[in-house]
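Please look over the sequence and the three-dimensional structure shown here before reading on. The report is meant to be read side by side with them.

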Amino acid sequence: MKFDTVIIGGGLAGMVCGIRLTEAGKRCAIVSQGQSALHFSSGSFDLLSKLPDGTDIEDPLAGIAALGHTNPEHPYAVMGAKRCEKYALEAPELLRAAGIPVSGDCRRNHCRITPMGKARATWLTIDGYLTAEAPERLPFRKVCIANVEGFLDFYPEFIAEEFRKSGIECTFASINLPDLEQIRRNPSEMRSANIARVFDHEQNLEALAAQIRDAAATCDALILPAIIGLNRNDSLEVLRAKLPTPLYLLPTLPPSIPGIRAQQALQHRFRALGGEYFLGDSVLRAEYEGGRVKRIFTANHGNIPFEADSFVLASGSFFSRGLVATPDRIVEPVFEADTVHTPDRSQWYTLRFFGRQNYQAFGVCTDSSLHVIRKGEAIGNLYGAGAGLAGFHPVQEGCGAGVSLLSALYVADEILNSK
Ligand SMILES: Cc1cc2nc3c(=O)[nH]c(=O)nc-3n(C[C@H](O)[C@H](O)[C@H](O)COP(=O)(O)OP(=O)(O)OC[C@H]3O[C@@H](n4cnc5c(N)ncnc54)[C@H](O)[C@@H]3O)c2cc1C
């Protein structure tokens, strides 16, 4: 099989890179072995919330410019502030064109609300999810928090505790329907995706509205866990039209309905543009000629190779097994790319769970064009994008999705501009 570009990994980075390349007319394939971090997403995309020294960031682009002086190893610094700004301005439109309606400003972070009710700075949030300009500026004074009976991945009491700190009055409502009884019989089935399937049916959406309508009438707003809209786009709109007060969604613990929907939408957009998507297949190894990747081999296609002019490594970090930790080194298993890590394993992590974990900044070595480096040499037709890049702390710095989105667009441009 011959393509212009083959992308290894179908998470946010791989999909966005594939979309940009197919939009430009390239014949592109994505091989992805499984679920991506999007399935665990908050429904918000972070660009930069904190500098590596812990300083809070209001203006992500200003923060990115500062990284160029203080942290030259950070992917944003490698790509340069100017091009980061270009891609930060382009990314929301790419997401919207794929059917992911997002709002936010790369010059000014807003707050998303976590499943525990905490406010966290972020860049883009999927429309319909509760956001605020600042933690103490939620758009209501009296709110009703609804939950499905027996659903344990959403915590109305914790959320209320946080809201009350801002003087907000909270009440609760409980949801139950005959169709939910079936999944309630087995507590491990009471997960957001299964519940959302129930509410994909029109009559259940109507019944849901009927159950929360009275509670909503006594409040300025109603909050619902993200348990609607798995397989239909209009659930929130339909529900909102049936209620007397504004309805907002809050993310739940995984699986994440907004994340699954985003993954499906990106996949659909890539295919609609003519891209070929090989899901459930793993890239195992590569062959090289003249210092370039010539072909790759996958588990499902055996000795039938994927050949391409260029390849993109977007296989993620440890979470997606794009990187693997052995007792003494960090391995990138497909290309055996050089990796950035400290030799002393005791320095890889701290026992303080929420502390800054050094291993999070480990990743694949690249040059300034994000060519992957192997045995000390940059491979001219192999690029790295996304969570597997070295030099950043996605959680502490609040920059996970931003690095994936911006590096994907950067790499696509490098490929399009290469000879
Ligand atoms: C649990 C979790 C939750 C997160 N939530 C958020 C959030 O809410 N907001 C935010 O801004 N950031 C979040 N992040 C940060 C996250 O890294 C980015 O947001 C982004 O989604 C990562 O996308 P990616 O494509 O770079 O990597 P991934 O999403 O990890 O995708 C990599 C893909 O490559 C595939 N793959 C790996 N090896 C192979 C192989 N050999 N062959 C074929 N396919 C392969 C994997 O199966 C996977 O599909 C989260 C990260 C994690 C781990």
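## Model and numbering

This is a predicted model, in which local features need pLDDT of at least 70 and side-chain atom pairs count only at pLDDT 80 or more, while totals for chains, interfaces and linings use all residues. Residues are numbered from 1 along each chain as its sequence is written, and side-chain values use heavy atoms, with hydrogens and water left out.

## Two domains

The protein is divided into domain 1 (2-39 + 260-417) and domain 2 (130-250), with bounds that come from an automatic or database domain assignment. Between the C-alpha centres of domain 1 and domain 2 there is a separation of 36 Å.

## Around the ligand

The ligand is surrounded by 33 residues, and the closest are Ala37, Ser42, Val283, Ser320 and Ala387; a residue is near a molecule if one of its heavy atoms lies within 4 Å of it. By class, this shell has 13 nonpolar, 18 polar and two charged residues, where Ala, Val, Leu, Ile, Met, Phe, Trp, Tyr, Cys and Pro count as nonpolar, Asp, Glu, Lys and Arg as charged, and the others, Gly among them, as polar. At least two shell residues come from each of α1 (12-23), β2 (28-32), β3 (44-45) and α11 (400-417), and α11 gives the most, with three residues; helices (H or I, at least four residues) and strands (E, at least two) are DSSP runs, numbered from the N terminus.

A polar side-chain atom of serine 320 lies 2.5 Å from an oxygen atom of the ligand, whereas for glycine 34 a polar backbone atom is 3.1 Å from a ligand oxygen, and for glutamine 35 a polar backbone atom is 3.3 Å from one. Taken alone, the ligand exposes 1,000 Å², of which the protein buries 87%, with accessible areas from the Shrake-Rupley method with a 1.4 Å probe.

## The second largest pocket

A pocket is found on a 1 Å grid over the protein atoms alone, as an open set of points where a 1.4 Å probe fits, with protein on both sides within 12 Å along at least five of seven lines; lining residues have an atom within 4 Å of a point. The second largest pocket is lined by 21 residues, and Pro101, Ile126, Asp127, Asn233 and Arg261 lie nearest its centre. Two or more lining residues come from each of α9 (235-241) and α10 (257-272), and α10 gives the most, with five.

The lining of this pocket divides into 11 nonpolar, four polar and six charged residues, and domain 1 and domain 2 each supply at least three residues to the lining.

Conventions. A polar contact is a pair of N or O atoms within 3.5 Å; within protein, one must be able to donate a hydrogen and the other to accept it, and residues adjacent in sequence count only if both atoms are side-chain atoms.
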